[in-house]
Structures are given as structure tokens and as C-alpha cells.
Amino acid sequence: MNPDLCPDLEVLFTELEAGEGPALDHAAECEACAAVLEEHRLMEQDLYRLADPLPPPTLVASVMARVSAEPVPRRREVWSGVAILLTSMLGGLGYLVMSDQALGRLGTGVASVLVQGRPFVEGLLSGLHALWSTAGLAVACTLAFVLLTSLFGLKRLVGSGPTPSGA
């Protein structure tokens, strides 16, 4: 056939995707269009065979080793914590200033603590007096000592934290 009468490639590929059309009928008779379609088919096969390469098996271990080798400076962690704390406090203060109900509830809560705080402190002092006058103080101190030594022992057994190979 005459190459001047061949359909546009965009039309040919659109009809190829649809599976029918006059351009495909033309390609069945035209050697040039059939060759273009064959090249397209072979290229699609090659593209389907390609796969994304997998990362090397040591990628996670090497990244974790690098992260643990270069820890974040403590100063940066402290300043980040201070920034978060200040932002939270400013947000809470802004909420209190903007909301009359919140400010009223805060005042009511503070007054309630002051009024009900006296019986709480008296009860706490009464409990401490009972511990002091009986052997309860010695038992409480012994239990606290056993608990704290157990916790410090567990912390020492666990170590400083996860290693790169354990993550």
C-alpha cells in the first residue's frame, strides 16, 4: 500500500487497544503498518519482562548502623522538647483566653482543689502518722527498695536499647 494512505500512529495504537477498527484492517494488508505493530508488540513484551530491582539484602542493616553511628545530639533533643512544650502551653493558654467557658471551668477547678485540698492533706498526714507509729514505714521502705532494685536490674539486663541487627 501507499505509505501516504497509512493511518496516523495514534489512531493505529488506539484501535489496537480497542481491538478493532479500520486502521487495524489497514495494518493487516500494509507491511509498513504491520511492522510498526510488531515492533510495538515486542517492545511491550520487553517492558513487561522488566522488573523493579530489589534493594540489596543488607540495606536495612547498613541504614540502621549509620543511624546508630550518628545519633541526634542531646542539645537538639532538649530544644525540640522545649519547643513542643512551649507550643502546647501557648495553645492551651490561647484556648483559655479565647473561651470564657474554659476559663470559668479552670477557675472552678482551682477553687475546688483549694477547698477540698485541706481534707486530702489531712488524710495524707494521718496515713503517714499511722505508718510512722507502726512498723508500716519499715515495710513500705523495704518494698520500695525491692521494687526499685528489681527495676534497675531489669533495665541493666535489657541494655541500652535495640541494636541495628535486632530492629
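**Salt bridges**

Start with the charged side chains: this predicted model has 3 salt bridges. Side chains of opposite charge can pair when their charged atoms come close. Select Glu-38 and Arg-41, which form a salt bridge. Their closest N and O atoms are 2.4 Å apart. Both residues sit in helix α3, 3 residues apart, so about one helical turn separates them.

**Colour by confidence**

The chain averages 83, and 92% of the residues score at least 70. Where pLDDT is low, the predicted coordinates should not be read in detail. Among the elements, helix α5 (residues 74-98) has the highest mean pLDDT, 88. The lowest mean, 84, belongs to α1.

**α1 against α3**

Two packed helices are described by the angle between their axes and the distance between the axes. Select residues 9-18 for helix α1 and residues 31-49 for helix α3. They pack at an angle of about 60°, with their axes 12 Å apart. The two helices are therefore oblique to each other. The crossing of α1 past α3 is right-handed.

Now show the side chains in the contact. From α1, pick Leu-9, Leu-12, Phe-13 and Leu-16. From α3, pick Cys-33, Val-36, Leu-37 and His-40. In this contact, 7 residues are nonpolar, 1 is polar and none is charged.

**α1 against α2**

The axes of α1 and α2 come within 8 Å and cross at roughly 100°. An angle of 65 to 115 degrees counts as roughly perpendicular, so α1 is roughly perpendicular to α2.

Which residues of α1 meet α2? Select Val-11, Leu-12, Glu-15 and Leu-16. Facing them in the contact are Pro-22, Ala-23, Leu-24 and Ala-27 of α2. By class, the contact has 7 nonpolar residues, no polar ones and 1 charged.

**α2 against α3**

Select residues 22-29 for helix α2, and bring back α3. Their axes come within 6 Å and cross at roughly 105°. α2 and α3 are therefore roughly perpendicular to each other.

On the α2 side, show Leu-24, His-26, Ala-27 and Glu-29. They meet Glu-31, Cys-33, Ala-34 and Leu-37 in α3. The contact of α2 with α3 divides into 5 nonpolar, 1 polar and 2 charged residues.

**Last stop**

How values were computed: Residues are numbered from 1 along each chain as its sequence is written. This is a predicted model: local features need pLDDT of at least 70, side-chain atom pairs count only at pLDDT 80 or more; totals for chains, interfaces and linings use all residues. Side-chain values use heavy atoms; hydrogens and water are left out. Axes are lines fitted to C-alpha atoms, for helices over the stretch in contact, and angles run from 0 to 180 degrees between N-to-C directions. Helices (H or I, at least four residues) and strands (E, at least two) are DSSP runs, numbered from the N terminus. Angles under 35 degrees count as roughly parallel, over 145 as roughly antiparallel, 65 to 115 as roughly perpendicular and the rest as oblique. A crossing is left-handed if the near helix is turned anticlockwise from the far one by less than a right angle, and right-handed if clockwise. Contact means heavy atoms within 4.5 Å. Ala, Val, Leu, Ile, Met, Phe, Trp, Tyr, Cys and Pro count as nonpolar, Asp, Glu, Lys and Arg as charged, and the others, Gly among them, as polar. pLDDT is the predictor's confidence in each residue, from 0 to 100. A salt bridge is a side-chain nitrogen of Lys or Arg within 4 Å of a carboxyl oxygen of Asp or Glu.
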